[in-house]
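Thank you all for coming.

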Amino acid sequence: MVGTSMVIGDGVLTPCISVLSAVSGIKEISPSISEDTIAWISIVVLLFLFWIQRFGTEKVGFLFAPIILVWLCLIGGIGVYNYIKYDPTVIKAWNPKYIIGYFQRNKRQAWTSLGGVALCITGTEALFADLGHFSVRSIQISMIAIVYPSLLLAYGGQTSYLMKNKLDVSEVFYKSIPGPLYWPTLVISILSAVMASQATITGTFSIIQQSISRGFFPKLKVIHTSRNRLGCIYIPFVNYILMACCIPIILYFKTTAQIGNAYGLAVVFVMVLTSFYLVIIMQLIWKRNIVVIVLYVTTIGGVELIYLSSVLLKFPEGGYMTLVFAVIVVTIMFVWTTVQRWMYEKIHKNDVNLNQIAKDIQRAPGLAVFHLYDCGVPPLLVLERYVQIVTSLQEIILFVTYECVQTSVVSIDRKFHFRQIQPDNVFIFSCIIQYGYDEFTDINDEKTSNILVIKLRELLVSQCSELHKEEPNDDIVQIVSVDESTTESYEEYNIGENSEIIEVPADESSDHSQGYTKHLDNIIGSKVTHLVVESDVVAPKGARIWKRLIIKLYSLINNLITHRDSHNTNTKLVMVFEL
């Protein structure tokens, strides 16, 4: 939860600091421009960035790679220029041994400076989001062959420039740009800042989608923007929240100094948590030698902990924003998972006797379809609650759940998966409707609803046909229909031990399949009732204050955040549980 909250905080802070720092380069040509003006220009850029999210990264992604490639080549080339012009000897700084000398000379100041050094590697914590668009090998090649060399040349060139211009340390990037390249660099820097922001926004979408799928976050509307790649997604609610957070942050701070402190804390904390979980994976899944694990902890883990201790010093100077984001997100996730666990325990304490329900309730012609969606309530418990409020139960009951699979479209012949719930003579079925991430499934869709009924009818007819192919034996079962118009007389049939009980009027016994089909058409044709099942929770009387508070927060989150499709216009059956 903490790691997820930090990534989401990163998704808020990255657009702020990236765009604001790029736009601030305008001051080099117009020193009189105010910080308020730069802030508002940055906000306009960010509004455009969040607006284009709805179109998906694949539709505008053809611009991403050329812009980033030009940007990396440009800053690398400027770095080489500064190396040659100012002080080529700074290339010695590539030797790691000078780090030791740096700490020996500066001691505590060297340690505190690591908080600023951490900003040189920001963005790597969001590489997981790129896995939805690129292969692992392509990411590795681009990082090693292009990104890393370009950054080394760029920062080394800036160091060479500072050897001759020490007073320009606060604005070294734009100061070190050769005059003719200033405007091209400014434009490319703003565009690349938008690209960098896009990466962290995509990462935020990705991690929230994973949290939703694992039940750690309320259900939100997730839009897949590509038919070819599963990882290309857009979450409108998250997009609006990120935008609503970025605008006041820029208007309040107006400079990158304090935003950078919060940003560095979020990034380094994510890296430390990643290393912590990687150690667990190395031990439990990869089964690595303990020597390898200790070596990793003492090297990579040790370096990350040193960086974390440095950025924590910046907590009063803007770093507290990271904590604010973390507290809000962790609270939402903790409340959601806690109440969901209580609900699970409450639901599975109930033991429903289906035979008793079928015996005590009057059956009536018709088909009742219960759409369970994400309510988390077992079908039999829904049925028990339903018969408590109705006087009769439809002759055929169907429980429908929906499952999104990792393909864009699911063909009709693979979409519907039926199963009959025991005992067979109750005529209660469950159906899993599988749909692709590029499909829209809703009970208001007349086509889907009609196909669902047709598939159920085909299943019942096929069961009837298979029944009459069975060899007769001594098991005699009377077949009874609840249709009052056909209750005058009934036929008795020999059926196999494992066969299912069916209802066939005696006057059509000459053709069992046709008689049953006609009877089935009468049942389904009489009325099809759709009900959407939802769940709600309340605190029992006498519950402790902390428990009532958690349930109140859950209800608030469920009402404000949870996405509900247009099926809410249909009849609802609300299952209320006292926790």
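Let me start with Q434, which sits in strand β6, residues 428-436, where strands (E, at least two residues) and helices (H or I, at least four) are DSSP runs numbered from the N terminus. What we have is a predicted model, in which local features need pLDDT of at least 70 and side-chain atom pairs count only at pLDDT 80 or more, while totals for chains, interfaces and linings use all residues. Residues are numbered from 1 along each chain as its sequence is written, and side-chain values use heavy atoms, with hydrogens and water left out.

Leaving aside residues up to four places away in sequence, Q434 touches E403, V405, V410, R414, K415 and H417, contact meaning heavy atoms within 4.5 Å.

Turning to the helices, the axes of α13 (residues 320-347) and α19 (residues 545-560) come within 9 Å and cross at roughly 105 degrees, the axes being lines fitted to C-alpha atoms over the stretch in contact, with angles from 0 to 180 degrees between N-to-C directions. That makes α13 roughly perpendicular to α19, a term covering 65 to 115 degrees. Among the residues making this contact are W336 and W342 of α13, and W546 and Y554 of α19.

Finally, the largest nonpolar core has 99 residues, a core being a set of buried Ala, Val, Leu, Ile, Met, Phe, Trp, Tyr and Cys residues joined through side-chain atoms within 4.5 Å, and buried meaning under 20% relative accessible area with a 1.4 Å probe, protein chains only. The largest share of this core, twelve residues, comes from α13.

Terms used. Angles under 35 degrees count as roughly parallel, over 145 as roughly antiparallel, 65 to 115 as roughly perpendicular and the rest as oblique. Buried means under 20% relative accessible area, exposed over 50%, partly exposed in between (1.4 Å probe, protein chains only).
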